[in-house]
Amino acid sequence: MATNPTFQLFSSSQGSGLGLGFLDSPEPALPPPPPPVEVLSSEVSSSVDFEVDKVTIGEITLLKGRVSTKEVFGLPNSDLVPGVYEGGLKLWEGSIDLVKALEKESQTGNLSLSGNRVLELGCGHALPGIYACLKGSDVVHFQDFNAEVLRCLTIPNLSANLSEKSSSVSVGETELRFFAGEWSEVHQVLPLVNNDGETNKKGGYDVILMAETIYSISAQKSLYQLIKRCLAYPDGAVYMAAKKYYFGVGGGTRQFLSMIEKDGALASTLVSEVTDGSSNVREVWKLSYK
């Protein structure tokens, strides 16, 4: 695995500050993806050192886990190895932007997560999904490319946060499940999905959350098809945090939203915009049925 090309996607909040860098290399041919699988909470890894730090997001304080990429994957602390490891062990800015946006939407009455069925795609640390748990969602399912990320980081981080908040928040009735796999195949194991490939009009997820998932143009079509399989009709909503452009690979909100506009099924609304002094802009968008 170490012979695969590694890329610096953008800096993470585990480093110094929250600045983003860019991919400057073209995407290589990818190895076959791992088969989709449900990961049970009992499968949490006990052989990997897991430590937590506090992260303050506005008025919210959550915990972010820290594990070693080398210890989990035998890789240096690179941001990603396309098709092998997709950066799930790092906490990206988009996750923080998304939690801030969800809190703003909740406070203004534009969003209520209570009683909803929620899916977080590309979850990693799963802070947006954890936020949904704390806000009373009935179902929260977590997806990541790597089962190892779920076992070594997502599940322990969820447990740490819910234990921290247990005295003030009741989440005992929330259905929590974890799924690993590539977007073109993970629908095979997701429970609230239309496997016919059409718009999900028989259930689905009320809210889909995703942060920093659209950097790769080659994966965007599969991601969008998965969203349409999963999103409840007609009132489901997607909250997406991403950069306006990911230089070097062509991904970003403008390219992704252009694809959605051409398809014509979903409408997009800008929820928030974040500038940090760089030439690029981070955004949070809401996608909903027209």
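**Sheet, helices and cores of the predicted model**

Strands β4 (residues 117-121) and β5 (residues 139-144) pair in parallel over 4 bridges. Pairing requires at least two DSSP bridges between two strands. Within this pair, L119 has H141 of β5 as its bridge partner. The model is predicted: local features need pLDDT of at least 70, side-chain atom pairs count only at pLDDT 80 or more, and totals for chains, interfaces and linings use all residues. Residues are numbered from 1 along each chain as its sequence is written, and side-chain values use heavy atoms, with hydrogens and water left out.

The protein contains 6 helices and 10 strands. These are DSSP runs numbered from the N terminus (helices: H or I, at least four residues; strands: E, at least two). An open sheet of 8 strands runs β1-β6-β5-β4-β7-β8-β10-β9, with mixed pairing. Its edge strands, β1 (37-39) and β9 (266-274), each pair on one side only. On average, neighbouring strands of the sheet are turned by 20° against each other, direction ignored.

Two helices pack on this sheet. Helix α3 (residues 127-134) touches β4, β5, β6 (175-180) and β7 (207-211), and its direction makes about 170° with that of β5. Helix α6 (residues 253-263) touches β7, β8 (237-243), β9 and β10 (282-289), and its direction makes about 10° with that of β10. Axes are lines fitted to C-alpha atoms, for helices over the stretch in contact; angles run from 0 to 180 degrees between N-to-C directions.

Of the 290 residues, 52% are buried. Buried means under 20% relative accessible area, exposed over 50%, and partly exposed in between (1.4 Å probe, protein chains only). A nonpolar core joins buried Ala, Val, Leu, Ile, Met, Phe, Trp, Tyr and Cys residues through side-chain atoms within 4.5 Å. The largest such core has 39 residues; L62, L98, L127, F142 and Y239 have the most contacts inside it. Helix α3 gives the most to this core, with 6 residues. A separate core of 32 residues includes M210, I214, L226 and F256. Beyond its neighbours within four places in sequence, L98 contacts P128, L209, M210, A211, Y239, A241 and V284 (contact: heavy atoms within 4.5 Å).

Aromatic rings form 5 pairs. Rings of Phe, Tyr and Trp (its six-membered ring) pair if their centres lie within 6.5 Å; planes under 30 degrees apart are stacked, over 60 edge-to-face, the rest tilted. Y215 and Y246 have ring centres 6.3 Å apart and planes at 75°, so this pair is edge-to-face. Y215 lies in the loop between β7 and α5 (217-230), and Y246 in the loop between β8 and α6, so the pair ties together parts 31 residues apart in sequence. Both Y215 and Y246 are buried.
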